[in-house]
Structures are given as C-alpha cells and as structure tokens.
Amino acid sequence: MTIMTETVTGLAARADGVTKAYGTGAAAVTALDDLSVDVQRGQFTAIMGPSGSGKSTLMHCLAGLDTVDSGEVWIGETRLTGLGDKGLADLRRNRVGFVFQQFNLLPTLSAEENITLPLAIANRKPDQAWFDTVVEAVGLADRLTHRPSELSGGQQQRVACARALLPKPDVIFADEPTGNLDSRSGTEILRFLRRSVEEFNQTIVMVTHDAGAAAYADRVVFLLDGRLVHELRDPDAETVLDTMKSLDT
Amino acid sequence: MLKATLKGLLARKTRLVLAGLAVVLGVTAVSAAMVTTATIGDGFETIFATTTSEVDVSVSAEPNGGAATFAPPVPASVVDELRGVRGAESVAGVVSADGARPVGPDGKVISVQGPPRLGVAWAGETGMARLREGRGPTAPDEVAINAGLAELGGFRVGGTIDVLTLEPRQTFRVVGVYGYSNGLGTLGGSTEVAFTEPVAQRLMLGAPDVYSSVTLTAADGVSPEALRDEVTRLLGDGFAVRTGDELAAQTASDGRAFLDIVRIVLLAFSGLSLLVGIFLILNTFSILVAQRTGELALVAALGARRRQIVGSVLVEAVLVGVLASAVGVGLGIAVSTGLKSVMEAQSGAQLPVGLVVPMPDLLVAFGVGVLVTLVAALVPAVRASRVPPVAAMRASAAEQRSLTGITVAGAVPATIGVAGIAAAVAGWAGDLEFVALGGGVALALIGLALLTPLASRVLLPAVGRLLSWSTPGKLGRLNAARNPRRTAITVATLVVTLGLVGGVGVVAESLRVDVSTAVATDLQADLVISGDGVSARAGGQTGGPPTAADGRVMPAFEESVIDRARDLDGVALATAQYVDTVEIDGAAPGPSPANAGDLSRLAPVLGLDPGLPDLGRNEVVLDTETLAEQGLSVGGTVRLSTPRGGWQEYRIVASYEPNFLLRGPVLSPETAKERFVSALPALGYVELEPGADVAGVKAAVSDLVADNPEVTVADQTQLAADSAGRLDLAEIMLYVLLGLSVVIGILGIINTMALSIMERTRELGLLRAIGMRRSHMVHMVVAESLVMSVFGGLLGLTFGGLAGAAFVSVAGLAELAVPWLSLAVFLGLAVAAGLLAALAPSARAARVNVLAAIAYE
Ligand SMILES: Nc1ncnc2c1ncn2[C@@H]1O[C@H](COP(=O)(O)OP(=O)(O)OP(=O)(O)O)[C@@H](O)[C@H]1O
Ligand SMILES: [Mg+2]
C-alpha cells in the first residue's frame, strides 16, 4: 500500500491497462488495447505513431475528456475513473491544460481574457507576477487586448499555451499544437513548451507527427494499433525518424 | 443543383422546422382572423334574412333625430289606415324593442354581450316563433320566453320570471317557451320575453296603442316593391317603408357594428402576429444563411455561379414557405372553429351556419406566407452570394458587417419622428396634433428598429453588467453582443410588444387618475345610486349615444326611492338625475348626452353655480362648451330631438360649466319623464347631514333599492374606482392579445438561441474542455437569453412609456401617472420570457459532447 502511494506521487499522470473501443460487434474498433503508460513529473513526453494508432484517444482518456472501457487513469493522486461530470470539469479546469491543433480561443474574449478564462470560471484571481512571467515567456505582452481575429495563427497558439500554463496544472496536453503552423511559428511554440518544462518544472504531453518536434521532448513513446510499442529517451530528430520508419514496416 | 438542395434540406431538419414554425404561426394568425370574421358575418346575415323572410313590407316611424335616436312608435291608427291598402294580404302591428332585462336566478340581471334583450308582443305562431312547450300569454301577468333565455336563466313553464322594462321590476308567470322556425332557440343570441300586446306596448314602448313597426305581406301577384310604393304613397312623409330584403340588409348592417369591433380586434391581432411572424421568419433565415455562408462559399469556390447559389436558397424557401403556409391555413381554420365555439358559448348565440371558409382571403394569407418567406430568405442569400469566397470561409465573416448604413437609415426617421412628437407636445402642430403624434410615433418606431443594433452595442454591456456577475454570465453577455443585427431582430418582437404595453399602461393609468380626480372633485354627494356605466354616460365620457350595437336601456330606478331617501335620518339632501342621449341641432349637429333634474338640488351636489333656475317645460340649460361649439347663446333657442319627443324647440335659460358628471343639455324632470327613453331616473345623489353615520345611511338607502338588481348604492371612493375601472376591460383585452405576440417573441428568442448554439458547437466543446461545468454552460446560455430579453424589454417599455407620456400631454390629461408596478411586472415578464427561451438551448449546450465538438469542423 505504502509502495503504491509512493509510485503514484512521483507521477503526473498514469494509464494502467487501459482499453477503449469504438462501436460494437463486427464494426468495433479497438483504439486503445490494454495500454499502460506513466508520465513523470517535470517531463516533456511526446506521443508518436501512424494515423489512427490511438494517440488522440490516449490523450483524451488521460485528460478526462473521454471514458475508458477498462483499466484506470490517474492524474497525480486522483483516479479519474468514477469521477462525475462535475469532478471531471473541475479537474480539467485546475489540474489539466489543453492546447489543440486549432480553434483554441473564444472569439468574443481578448487575448488576456482567454488566458485567464479557466481561473475566471473558478472565480480565482491569477497571481500577477506569475501572469506577467507567463505572458513574457510567450512574448505576448503587447497583444493582450487583441481579439483572436486580430492575431496570427502562431500568436493564437501562444495564447493557448499561456492559458494552459497559467493555472500551473499537473499536466498540459497538446494535440499537434504545431500542426497548423509554419515552421518558424512552430519552433517558437516548441521552444516555449521546452522552456516551461525546464524553468517552471511543467509536465507536458504532446502528440505530434513531426520528428523535429518530438526531438524537443525528454521521451518519445510510439503507439501502434492502440499499443505502446517503443520508447526513446532524450531523442534527436534522426533517431525518431529511424524508429518511425522501422515501425512503418 | 436541385437534388443537392433537397438533400441539404433533409439534412437540416431541425433548422427547417424552426424556420417553418415561424411561417406557420404567422399564417395561422392571419387566416384564423379571416375565417372567424367571415363566419360571424355570414351568421348575422343569415339570422336577419330569416327573421324577415315572411315580411314583404315593413313600416316604422322615421327616427325623429338622426340615425342615433330611437324611432318613435307607430300609432295604432296607422295600422287601421293600412288595412285598406291595395295589394296587401295581411297587416300586423308589431311590438319588439330592446330593453326587457330578465333577472337571473342569482338575483342579477342576465347580461348578454352584444345581442339585444327584446321585449315583444306575442302574436301567436306567426312569423318565425314556434312554441316548444306551453302556450302563448293571454293574461297581463303571463309571458312566453325564447328557449335561449330559458336555458340561460334556467326558467321553466309554470315558474316565474322577473323582468325590468321601462317600468321597474315586475314578476310574470312563464306559460310558454318557444324556438324559431329555423330550429334554433335564439336569434343571434338575443333573449326574448313575449308579453300580451297591451302589456308589451306599455312596458316596452311606454304608451298604449302603439307599435314599433307594422308589417305587411303582399297578395298573390303583387311584388314587395309595388306594395312598398303603394304604402309610401298612402302614408306620406314621416315613415320609413322598406321591403323585407331592405329591412334585412338594414338590420344586418346595424348588427354589424358589433361584428366590426370583433373584426378590428381580430385583424389588429393578426396584423401584429404577421408583423412579428415576419421578424421571426427574417431572423431565422438570415441565421440559416449566415451559418451556411461557408458552405455557399465552398460551392462558389468549386465553380457554382451566384445565380445558382441564390437559386438553391430560393428553392428551399419556396418549399418551406408553401408547406408551412399550407399548414398555417389549416391550423387557422382549426383555431377559428375553436374561436367560434368560444364565442357561441360567450354570447349564447348559436350561429345558424357552419364555418365559412373565405377562399380568396385564405389564398391571400397563403400567398403572404410564401412571399414573406421568399423575401426573408432572398435578402440574406443575395448578401451571402456577394461575400468573396475567401472571406466567407473565415468563421466570423458574417458578424463583422459595419453598422454605419443601417444607423444612418434609422437616424432619419427617428429624427423626423421625434420632431413630430415634440411638435405635438409643444402645441406647434395645431389641430393636427394627433396626426403629428401618431405619425411621429410610427416613424420613431421604424427608426428605433433600425437603430436597435447600435443601441445594443451601447446598452448591452450596461444591461449585461447587471445580470452577469460571474464568468459564465459574462460569456453569455458577450455572446448576446456578438452580432448586433441578429440581436436587434431577435428582440424586435419584444420591443414592439412591450412598447405597446408600456404606452397603453401609461395612458390608461393617467386616464384612471384623471377620471378618479374628476369624480372626486366634481361630486359633492356622499352616496350615489346608479347602475353600471350610467355616470359615464351622463358626462358623455364614453359610449356616446346608445347605438344598435350598444342597444342598452340604461339601468334605472323608481323616483319614489329618492323621496323615501329624503325622509331617512341623517340625509340632508336627495335628488335624481335622468340620463339619455339626444340629437342637437346647431353649428355641429349630432348626438349629445342629455340630463334632467331639479337644478336647485343638483347644483350643490355636482358643484354647479348656485344661481341656476328651475326649468319650465320647454326650457333648457346648456353647458358653456356646447354653447360655444354649437354657436348658441343664453337667451336664444335650440332644437333638440329626444327619443320619444322628437324635434322640439327649447329656450336656453342659463349656462353652466361642464364637468365629469354633467355635460350637454339639462331639461326639467317632467320633460324627461315624457320624452326620454326611460321615464325613470338613472342616477340618485344623497348628501348626509354633518356627523351622520355613512355606513348606516348607506345600508338604509341600499334597502330602498334592494329589489332592483341593476342599481347599487356606492360611496364616493367606490364611484371613482368604478369610473376608473371601465378602462380595465379594454386594457386586459389588449394585454391578452399582446400576450400572444409575446409567445411568438419567446419563440423568436428560442429560435435564435438554438441556431446560435448549433453554430457555436465548437466553442462550447472548447469551454467544456477547459473546465466549464454543465451548470456553467446553462448559466452562460441563460445569461445570453436574459440579456437579450431584458434589453428588448427595457427598450420597448422606455419607448412605449415615452410615447404614452407624449399622448397624455397632447390629450391634455390632468396628470402623467406612470404605473411603475405594472411596468415592473412587464419587465418581469420579459425576464420570464428570457428564462423560458433559454430552457431548451441551455440544455442542449450543457449536453454538448466535448470530443464531438472538438472534432467538428
Ligand atoms: N468517435 C469515434 N468513433 C469511432 N471510431 C473512432 C472515434 N474516434 C476515433 N476512432 C477510431 O479510433 C482509432 C484511433 O483514433 P485516434 O483519433 O486516437 O487516432 P490518432 O492516432 O490520433 O490519429 P491521427 O494521427 O490521424 O490524429 C482510429 O481507428 C479511429 O478511426
Ligand atoms: Mg489525432
């Protein structure tokens, strides 16, 4: 029991024997197949794998956006399985951050309001010094009053990153955050994510198709048909590419 | 392209249903009004045609004043004279007059809305009457009654019935119940009491040996027209001689005065519904097309021509319009069937015809429905086809349009309208003040509609702050402010409805205050004996002359009541006032309220100059306003036509200042007894001795009129409240009608909200993903709906209130009274409407599936 608790404390998120299938009968698709994965605190984890391998599904299950058919999912010391809608919503607001590929922002709010939205929903005031630090880090100090329609795609993604970081969540999940951006804007986002891991000890899980992006991570896990098939530590772009090729065959 | 359109139609069922619903509602309202009016109109005509089917020629005395006064009876000698006319097979004197008021089992006079309460002379089973039970009356204390009355009051053969006529309440034995040859128990809802002929002459016409009219049937081979001409030649001037057909047309058109009121009310309602329906349809389609701007742009990018795009939207609109209008017409017919039975139940009338479906009118309603749908769809479609494909593919292209054009377009009518109102209030418009006011209000309303988008930009944040203290609330408020045009058109219905309500509320309240103040200052009496509506007619405030539709003989009581009241302990003074309507001949000939009484006693009670003389037989006192209006002066003479006296010349002996309770010619009581419709007084005033016990004397006076079910004894406050209360009914009716348009307004908000939420699925998913609870989502949507409805409500009430205040000022009412409580209630209703409208959309928003929404493109 004691040992169990200890292992859990060291982890930001954990999937344990998770199975998830869509549809029923002959048309059933097993998106996740008895998959277990640990996410260490303060680590930048990349998830890779071919299209349809279950990356997004895994991320949604880890983040409490989707339910699993069997197995358990933990965020920090909280077990998600069995948490009600209200519990999940509160968890997503306070302990999980999101960056999607696109449409991350509310068009009616300014950049600043978008960044502070999760705190505002919880009726919390952001810590001003921390807010300034985050805004400084994403380089948006002079864009705070702008509406999303007045920002470039890269700037919008940076606003989304700042929003994810501000509540100091246990984990930030990013699903192809650079997928819609040119390489320069993409690099800015990846640098920022890397920096938040190093300077603020933030835990990040990122889904990507890009070997260059994966190279920013501390660790890359590879999925195939809903199973974890390979893992790399401190990867560089080349090894990642090689692994992808070997998995494709 | 057509195939693609049809596929698209089926794929968007929810939206189509919402759009169709708007059309259905509008068309239903209009066609229901048309069918109901046609049905009632036809019913009336049929009744009068059958009533006179066995009459070839009818003779009555020419009304002795204009059309407004009562035609004097025809002496029996005329009947004898006509017996000798060539070509007549039969000649009969008829007694039939309105004013036989039966007392119901609850001790109150049986009241029917609209149709007359006739007292007739029994002439056997001639004409249309057919005995169902018992026999006709043969003794002075016997009556037969029609089956309609028997049913209303639960009267039976062998029982008794109390009837008030020109004479006070009398009890009769019911010896017969009769129906009519068309099988019905009442003609158009009227009640009938049949007396023996001498009794009917005395009670209904006020004199022996007179008839209300004489009817003749033509001998074989003689046409009604020939007989009519023969009778006219014989009798000379002073008589109205008409064939049965002419008479039917005449009576039917009299009856139609009542129908006209119904028609106006129904048409006003359907016009309002149509207007509101147009808003709803317009809004729905502009949202639908806006949502598809991206899709349309894609089609355009793929090479479709602009004409094809607009064409596809049009095909959709035609299909929706035709289907929904057809459903609307069908529902309209169903609704009028319901309305018909309600009206039958209400008036006791059994319309002898089935539902009349006026095909041409319904085609118009159908066409209007289709046309409005087409225009509503075409405008946004043309706009969408002009958006460059690239811009359209960007999410919020439709929301960014500038408001400059619409603001300028609205500022012009708004400025002219306000100028018109200002001119009317300031009195620069002279005699045209009401035209300036009405035109000004209409223009200002158009201006307001066009300026609402701008106003929403300025006011929504303010209104929103009041309602949105939390973050979900703030998000809702921002959503409401997102598209000012859409918000404006969504709240348009509420603005119009609450504008009307607010205006009417202010005017009605001011009138009430005005009336009660007037009663309180003009009336010195401590107690007033009167029936419903009498005091109003005495002062000419409403109602005017008794018309065919109004047709009521005023509640009256015996003169001896006053003499006995005078003898009661604690009574200082008691006096009677006779009330009627006469025709006056002068510079502005027409009907006028007329009164009679002992001036020496009335003067102190009504606050008149004490020096007024008691009047002789052909003397009159006139109020200063009437003198000025008619170009008359004291010392001269005036010609007046009284209902039973006809035209006579009176000497003007003095004048008085008119007030709420007295206006027009005042005659001597003796003249009234002889020449007014009713020889009985309609108002009695009692002044108490100082220190007398008001409640005790009131009870004693009440005892004196205990056997009269039509009159009551009121103290001053009751009288003021009664007078003011006359406005209530009209006001309530208006509110009920407007309530229906509020329902449509709520549907409009639901529609907009539902469509907006579909449009924002992606955002809703995002909000859920970053941690909004379901309750937060509900809160957000409710806030959006509330902000819109409160904004619309405030805008409407403010506009209506100001317009009402302008009316009060132009009409010269004593005081502007604002019914804050009612206004608050109406605003509360707007809030309730907002809550109601948010129910379904907020549930939908709370149920948004996060993953599906995120995957949604
Ligand atoms: N809502 C759903 N209904 C049915 N099947 C689904 C659903 N969502 C995902 N799947 C299936 O589950 C499997 C995993 O999908 P997932 O979206 O996790 O893949 P992915 O690795 O993220 O792919 P990509 O790289 O294309 O984003 C796929 O076979 C997909 O077809
Ligand atoms: Mg994916």
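The lining of the largest cavity comprises 2 nonpolar, 6 polar and 6 charged residues, where Ala, Val, Leu, Ile, Met, Phe, Trp, Tyr, Cys and Pro count as nonpolar, Asp, Glu, Lys and Arg as charged, and the others, Gly among them, as polar. The model is predicted, so that local features need pLDDT of at least 70 and side-chain atom pairs count only at pLDDT 80 or more, while totals for chains, interfaces and linings use all residues. Residues are numbered from 1 along each chain as its sequence is written, chains are lettered from A in the order in which they are written, and side-chain values use heavy atoms, without hydrogens and water.

**Cavities**

- The whole structure contains 8 cavities of 30 Å³ or more; a cavity is a set of points on a 1 Å grid over the protein atoms alone where a 1.4 Å probe fits but cannot get out, and lining residues have an atom within 4 Å of a point.

**Interface of chains A and B**

- Chain B contributes 23 residues to the contact and chain A 26 residues, with contact meaning heavy atoms within 4.5 Å.
- About 2,400 Å² is buried between the two chains, 62% of it on carbon and sulfur atoms; buried area is the accessible area (1.4 Å probe) that two parts lose on being put together, summed over both.
- There are 4 salt bridges between chain B and chain A, a salt bridge being a side-chain nitrogen of Lys or Arg within 4 Å of a carboxyl oxygen of Asp or Glu.
- One of them pairs A:Asp85 with B:Arg774, whose closest N and O atoms are 3.8 Å apart.
- On the side of chain B that touches chain A, at least two residues each come from α14 (471-480), α23 (761-769), α24 (774-811) and α26 (850-855).
- The most come from α23(B), with 6 residues.
- By class, this side of chain B has 10 nonpolar, 4 polar and 9 charged residues.

**Salt bridges overall**

- Over all chains, the structure holds 38 salt bridges.
- A:Asp33 and A:Arg227 form a salt bridge at 3.0 Å, N to O.
- Because A:Asp33 lies in strand β2 (residues 29-40) and A:Arg227 in strand β10 (residues 227-233) of chain A, the pair ties together parts 194 residues apart in sequence.

How values were computed
Helices (H or I, at least four residues) and strands (E, at least two) are DSSP runs, numbered from the N terminus. On a 1 Å grid over the protein atoms alone, a cavity is a set of points where a 1.4 Å probe fits but cannot get out, and a pocket is an open set with protein on both sides within 12 Å along at least five of seven lines; lining residues have an atom within 4 Å of a point. Grid points are joined across faces, edges and corners, and a volume is the space filled by probe spheres set on the points.
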